[in-house]
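Below is a short report on a two-chain model. It covers some backbone details, an aromatic pair and the contact between the chains.

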Amino acid sequence: MKHIETLNTRDMVKSLNDGGCGECQTSCGIANQQCEKAKKN
Amino acid sequence: MIHQYKLNGYNIVLDVFSGSVHVVDEMTYDAVALLVLGKTHDEVRQALVSNVPRYNSGIPDGEEKYTLEDPDEILRQIDELKEQGKLFAEDIYEPKAFDFKSRSTVVKALCLHVAHTCNLNCSYCFAAQGKFHGKAGLMSFETGKRSLDYLVENSETRRNLEVDFFGGEPLMNFEVCKQLVAYARSIEKEHDKNFRFTLTTNGIGITDEVIEWANRECYNVVLSLDGRKEVNDRFRKSIDGTGSYDIIVPKFQKFVKARGDKNYYMRGTFTHYNPDFTRDLYHMADDLGFTELSMEPVVAAPGADEALTSDDIEIVKEQYEILAKDMIRRRRQGHPITFYHYMIDLSGGPCIYKRISGCGSGTEYMAVTPWGDLYPCHQFVGDERYKLGDIWNGVTNTELRDEFKLCNVYARPDCKDCWAKLYCSGGCAANALHASGDIHGIYKDGCEVFKKRIECALMIKASENEDMEKAQQ
């Protein structure tokens with residue numbers, strides 16, 4: 001029996017190291033943001 | 001911190017500080033809840049084992065039932081996720097939040113108020129019919145040009161720069177908009193910048209020339225329409241008092257058709273008179289053919305006729321659930337619609353720095369008045385207490401800028417125990433000011449609405465994942 005399905009999410013802790021470039025769009029909701037680097041990939 | 005909830009048949013467990021989202025079965029859902037309460041593994045195991053018959057009574061005959069071994073297996077999987085940092089993750093970000101004051105101040109976006117005047121007379125307008133409680137005026141090309149130069153000069157190594165044409169009604173100063181885009185394009189290469197222009201319009205001034213220009217130059221356009229004719233025309237009136245619906249809808253339809261696959265969205269406002277706003281979204285989708293949609297709660301003084309009441313907020317939350325379920329239905333039937341607050345990119349979403357710092361108002365994003373004054377954002381324009389400086393001398397009120405620099409989710413005491421804080425980043429400073437008198441406060445009704453939207457958005461993601469798995473089987 002499958003008990004837990006974990007969705008594919010960005011590792012927030014890892015983003016301490018690979019985030020912060022500031023190239024993403026400004027926002028007026030953060031949740032809806034896409035990382036500019038992720039978009040390119 | 002854990003947030004767990006049930007919605008539309010999905011049991012969802014959100015691990016706040018890792019950002020992990022888990023869709024779990026009934027027994028796991030209860031196991032997590034007991035662990036959150038501080039129960040030991042033995043206590044959880046006992047509780048689950050004693051309830052196996054109850055869990056199985058909810059499973060239809062012919063489907064796999066729980067056994068007495070399942071509680072141990074569930075606890076093992078939970079421990080494994082904990083080891084991986086995907087469940088019960090600790091908050092390691094708070095110290096980072098207070099480094100922000102020492103970060104350099106890079107400007108990467110400006111909201112250009114090219115027109116403090118409007119050709120509509122919407123009674124609920126937060127900008128007081130486009131004049132922002134001040135005098136009417138149009139931005140000159142020279143002021144706009146200096147704004148773009150200021151942006152380039154203060155953007156350091158940031159390549160992507162955003163400029164919003166805003167108002168009032170920006171198309172009342174269309175010639176200057178065109179000149180400013182031409183100027184920006186002429187300096188992009190020299191400075192290694194990429195300008196992304198957006199236009200927010202009420203539609204009255206849309207012409208073939210505007211459509212051709214916007215579709216060539218604007219990365220995105222925001223088209224203001226409140227939905228059903230009677231809803232739109234209640235507030236969005238022409239200067240002579242007649243409704244605007246019949247004038248703007250054909251223009252918007254022509255605009256969107258010509259736009260092809262470029263970004264746009266219909267941006268409506270709902271009020272006390274239509275908390276059943278899904279009907280307006282469906283009207284825009286089914287009757288008018290628009291698929292990129294957004295409906296936002298009105299920004300109104302408490303007690304105003306149009307202001308949402310606490311009873312309305314409950315209706316609105318229910319509406320968000322209705323919308324989410326309907327969007328799943330539409331997607332499965334092959335004709336999806338987009339609702340902007342449900343657009344969450346779990347795998348390619350924002351980094352932790354963005355989640356902590358929020359929209360960047362007052363620091364990396366500012367609004368420029370037609371006369372070149374700088375404000376933290378478009379919603380602060382007209383409030384002299386929040387004037388930051390101007391485009392010729394830059395930010396002179398550095399104390400205020402530093403206040404906005406630190407105005408992040410960790411600076412708001414009300415957000416301390418909130419599960420949604422890394423999704424909303426503490427919310428909108430302007431809404432907080434209007435609701436609580438302090439940019440570090442919160443707008444409680446806004447929080448309730450926001451949390452419901454995130455719950456719905458994550459549930460939609462769970463459904464997408466389920467559909468993908470079924471397709472692969």
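The loop between α6 (141–153) and β6 of chain B holds B:E156. Phi of B:E156 is near 45°, a positive value in a residue other than glycine. Helices here are DSSP runs of H or I with at least four residues, strands are runs of E with at least two, and both are numbered from the N terminus.

This is a predicted model, in which local features need pLDDT of at least 70, side-chain atom pairs count only at pLDDT 80 or more, and totals for chains, interfaces and linings use all residues. Residues are numbered from 1 along each chain as its sequence is written, chains are lettered from A and ligands numbered from 1 in the order in which they are written, and side-chain values use heavy atoms, with hydrogens and water left out.

B:G167 and B:G168 are joined by a cis peptide bond, with omega about 20°. B:G168 sits in the loop between β6 and α7 (174–191) of chain B.

Over all chains, the whole structure has 17 aromatic pairs. Rings of Phe, Tyr and Trp (its six-membered ring) pair if their centres lie within 6.5 Å; planes under 30 degrees apart are stacked, over 60 edge-to-face, and the rest tilted. B:F165 and B:W213 have ring centres 6.0 Å apart and planes at 45°, so this pair is tilted. B:F165 lies in strand β6 of chain B and B:W213 in helix α8 (residues 208–217) of chain B, so the pair ties together parts 48 residues apart in sequence.

Now the interface. Contact means heavy atoms within 4.5 Å. Buried area is the accessible area (1.4 Å probe) that two parts lose on being put together, summed over both. A salt bridge is a side-chain nitrogen of Lys or Arg within 4 Å of a carboxyl oxygen of Asp or Glu. A polar contact is a pair of N or O atoms within 3.5 Å; within protein, one must be able to donate a hydrogen and the other to accept it, and residues adjacent in sequence count only if both atoms are side-chain atoms.

| Chain B with chain A | Value |
|---|---|
| Residues in contact | 63 residues of chain B, 33 residues of chain A |
| Buried area | about 4,100 Å², 54% from carbon and sulfur atoms |
| Salt bridges | zero salt bridges |
| Polar contacts | 15 residue pairs (both at pLDDT 80 or more) |

Elements giving two or more residues to the chain B side include β3 (20–24) and α17 (444–472). α4(B) gives the most, with six residues.

Strand β1 (residues 4–6) of chain A runs antiparallel to β3(B), joined by three bridges. Strands pair if DSSP finds at least two bridges between them. The bridge partner of A:E5 in β3(B) is B:V23.
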